Amino acid sequence: MAKKVSKVERVHCNDCRQRTDHRLLKTANDSDETQAGDWWSTSFDMLECCGCKDVVLRRTFVFNQEDPDVRYFPPPVSRHPPSWQYDLPNKIRAVLDEVYRSLDADTRSLPMMGARALVDMLIVEKVGDVGTFKQKLDTLAAGEFIGATQVEILDAALDAGSAAAHRGHTPSESEVNAVMDIVENLLNAVYVLPDIAKSLKKTTPPRPSKKPVV
């Protein structure tokens with residue numbers, strides 16, 4: 001007797017970070033019709049990646065003749081957290097995780113506000129709560145945590161976050177990614193790279209001493 005082959009389709013896999021073949025494991029359906037004549041149906045499909053074996057749940061909701069509303073749980077990851085996230089202080093890593101969750105929910109203003117909050121938390125931890133954001137950035141530079149060029153870059157990123165929070169600005173996807181690049185680089189430079197540099201110094205053999213010229 002031939003073995004039954006499960007249905008296979010292409011779906012985004014968060015672990016593989018691309019669209020891959022997924023095997024349909026299970027389906028559940030529900031539907032009903034109201035007294036007013038409206039009709040709806042909901043189906044749930046459990047799909048397993050044929051590569052990494054990660055599982056995702058897909059919900060498809062249809063109301064009357066409208067286009068289906070298709071959602072995945074967990075949702076497709078729009079931006080993966082950095083590999084060094086666990087080297088960050090717990091409080092900052094927790095906020096960073098919330099920022100990435102808001103990105104996965106396809107929001108834009110919330111990630112900008114969260115990015116601004118991350119920089120503020122870093123500044124307060126390193127140099128204290130000292131005046132305006134620009135004054136805080138200057139103090140951060142004075143403490144040699146960042147350079148003068150980074151002050152201007154961060155000031156632009158923080159102003160974008162402020163505009164999203166207070167001026168009704170809806171940032172574009174490219175603006176959000178640019179701010180996230182800036183904030184990730186700052187967190188990496190302040191919390192991660194110094195320890196990597198110290199480790200390199202310990203493991204790098206010293207230069208051989210020069211022989212005196214006779």
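Some ground rules before I start. The model is predicted, so I follow these limits: local features need pLDDT of at least 70, side-chain atom pairs count only at pLDDT 80 or more, and totals for chains, interfaces and linings use all residues. Residues are numbered from 1 along each chain as its sequence is written, and side-chain values use heavy atoms, with hydrogens and water left out.

I will begin with the sheet. Helices (H or I, at least four residues) and strands (E, at least two) are DSSP runs, numbered from the N terminus. Two strands pair if DSSP finds at least two bridges between them. On that basis there is an open sheet of five strands, in the order S1-S2-S3-S4-S5, with antiparallel pairing. Strand S1 (8-13) and strand S5 (69-73) are at the edges with a single partner strand each, so one side of each has no neighbour in the sheet. From one strand to the next, the twist averages 35 degrees; axes here are lines fitted to C-alpha atoms, for helices over the stretch in contact, and angles run from 0 to 180 degrees between N-to-C directions.

Now the pairings at the two ends of that order. S1 and strand S2 (residues 18-33) run antiparallel and are joined by six bridges. Glu 9 has His 22 in S2 as its bridge partner. S4 and S5 also run antiparallel, with five bridges, and there Arg 59 stands opposite Arg 71 in S5. The hairpin of S4 and S5 has five residues between the strands, and in it Asn 64 takes a positive phi near 55 degrees.

That brings me to the backbone. Most residues other than glycine have a negative phi, and most peptide bonds are trans. Arg 17 is not a glycine, yet has a positive phi of about 65 degrees. Arg 17 sits in the loop between S1 and S2. How accessible is Arg 17? At 54% relative accessibility, Arg 17 is exposed; the scale is buried under 20% relative accessible area, exposed over 50%, and partly exposed in between, with a 1.4 Å probe and protein chains only. Lys 53, also not a glycine, has a positive phi of about 75 degrees. Lys 53 is in the loop between strand S3 (39-49) and S4, and is partly exposed at 46%. As for the peptide bonds, the one from Phe 73 to Pro 74 is cis, with omega near -5 degrees. Pro 74 belongs to the loop between S5 and H1.

Next, salt bridges. A salt bridge is a side-chain nitrogen of Lys or Arg within 4 Å of a carboxyl oxygen of Asp or Glu. The whole structure has 11 salt bridges. One of them joins Arg 79 and Asp 181, at 2.6 Å from N to O. Arg 79 lies in the loop between S5 and helix H1 (90-104), and Asp 181 in helix H5 (residues 173-203), so this pair ties together parts that are 102 residues apart in sequence. Arg 79 is buried at 14%, while Asp 181 is partly exposed at 37%. Arg 79 also meets Glu 184, at 3.2 Å from N to O. Glu 184 is in helix H5 too, 105 residues from Arg 79, and both Arg 79 and Glu 184 are buried.

Arg 101 and Asp 97 meet at 2.9 Å, N to O. Arg 101 and Asp 97 are four residues apart in H1, so about one helical turn separates them. Arg 101 is exposed at 59%, and Asp 97 is partly exposed at 32%.

To finish, two buried residues in helices. Ser 102 is found in helix H1 and is buried at 10%. Which residues does Ser 102 contact, leaving aside neighbours within four places in sequence? Contact means heavy atoms within 4.5 Å, and for Ser 102 the list is Thr 107, Leu 110 and Pro 111. Val 119 lies in helix H2 (residues 109-127) and is buried at 1%. Not counting residues up to four places away in sequence, Val 119 touches Leu 154, Leu 158, Val 183 and Leu 186. Of these, Leu 158 is 39 residues from Val 119 along the chain, and their C-alpha atoms are separated by 8.1 Å.
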